[in-house]
Amino acid sequence: MKKLFFAALALVLSLNANAQFGIVGGVTSTTGNIKEFSRNVKNMTQYHVGVAYKIPIGSFAIQPAIEYNVKGAKLGDVIGLGDLNFKTGYVEVPVQVQFGFDLEVVRPYVFAEPFVGYAVNNKITWEGITETGWDNVKQRFEYGVGLGLGVDIVKHLQLSVRYFWNMGSIYGADITFKSVTQTIYDTKCSGIAATLGFFF
């Protein structure tokens, strides 16, 4: 039993010795899935920023992070409402599971990234009017998964691109403007994110 304990302790210490702390940030492009309410559903490009901790394990690596990530939906020509934009900021915890090949100078890898998040702010904008609050948010908790490609350069610079799917519905409400009510419901915000990281 003692041998097993000390072996596990040695493994944890060796993993920590090779682990790296990083600062990450980039762009997040999302779109909603509510085409029936709009003639023109557009991508909304926002941003994400946070910190990450990469733990290499042979050809694999585990990289948990804490990020502030802004997502939303951009709808043009919504019947009776004009242009309508949703923008919601989440505190997210993604965990990348990477598999790659260390080629000394570069390490290309593929990854899967489940994530959970919680909305901390929300804004609706239409025809020059901006409102804050949670009336249009179906639930503040979100979850999903991403799949992507990345590369580590000289062990300190990291570039990655992923496509992510929000599994739960984010928006759902009756929106009333100029005495016209539109019901928007069961809306997801999936999209693409590109991230640059600096690791120490």
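**Exercise 1. The largest pocket**

How do the residues of the lining of the largest pocket divide into nonpolar, polar and charged?

*Solution.* Start with the basis. This is a predicted model, in which local features need pLDDT of at least 70, side-chain atom pairs count only at pLDDT 80 or more, and totals for chains, interfaces and linings use all residues. Residues are numbered from 1 along each chain as its sequence is written, and side-chain values use heavy atoms, with hydrogens and water left out.

Step 1: The search runs on a 1 Å grid over the protein atoms alone. A pocket is an open set of points with protein on both sides within 12 Å along at least five of seven lines; a cavity is a set where a 1.4 Å probe fits but cannot get out. Lining residues have an atom within 4 Å of a point. Points are joined across faces, edges and corners, and a volume is the space filled by probe spheres set on them.

Step 2: size the pocket. The largest pocket holds about 260 Å³ of space. Its lining has 16 residues, with K54, P56, D102, R107 and K155 nearest the centre. Strand 3 (44-57), strand 4 (60-78) and strand 6 (106-126) are the elements that give two or more residues to this lining. Strands are DSSP runs of E, at least two residues, numbered from the N terminus.

Step 3: sort the lining. Ala, Val, Leu, Ile, Met, Phe, Trp, Tyr, Cys and Pro count as nonpolar; Asp, Glu, Lys and Arg as charged; the others, Gly among them, as polar. The lining of the largest pocket has five nonpolar, five polar and six charged residues.

**Exercise 2. The cavities**

Describe the enclosed spaces and their linings.

*Solution.* Step 1: count. There are two cavities of 30 Å³ or more.

Step 1: take the largest. Its volume is about 70 Å³. Its lining includes V24, Q63, A65, P94, R162 and T195. Strand 4, strand 5 (82-100) and strand 9 (157-166) give two or more residues each.

Step 2: Strand 4 supplies the largest share, three residues. This lining divides into three nonpolar, one polar and five charged.

**Exercise 3. Strand 8 and its partners**

Which strands pair with strand 8, and in which sense?

*Solution.* Step 1: apply the rule. Two strands pair if DSSP finds at least two bridges between them.

Step 1: list the pairs. Strand 6 pairs with strand 8 in the antiparallel sense over 13 bridges. A112 has L147 of strand 8 as its bridge partner. Strand 8 also pairs antiparallel with strand 9, over 10 bridges. Here V145 is bridged to W165 of strand 9.

Step 2: look at the turn. The hairpin of strands 8 and 9 has three residues between the strands, and V154 takes a positive phi near 45°.

Step 3: read the faces. In strand 8 (residues 141-153), the covered face includes G144, G146, G148 and G150. The uncovered face includes F141, Y143, L147 and I153.

**Exercise 4. V70**

Is V70 buried or exposed?

*Solution.* V70 lies in strand 4.

Step 1: apply the cut-offs. Buried means under 20% relative accessible area, exposed over 50%, partly exposed in between (1.4 Å probe, protein chains only). V70 has 3%, so V70 is buried.

Step 2: find its contacts (heavy atoms within 4.5 Å). Beyond its neighbours within four places in sequence, V70 is in contact with T28, Q46, Y47, K87, T88 and G89.

Definitions and conventions: Helix = DSSP H or I, 4+ residues; strand = E, 2+ residues; numbered from the N terminus.
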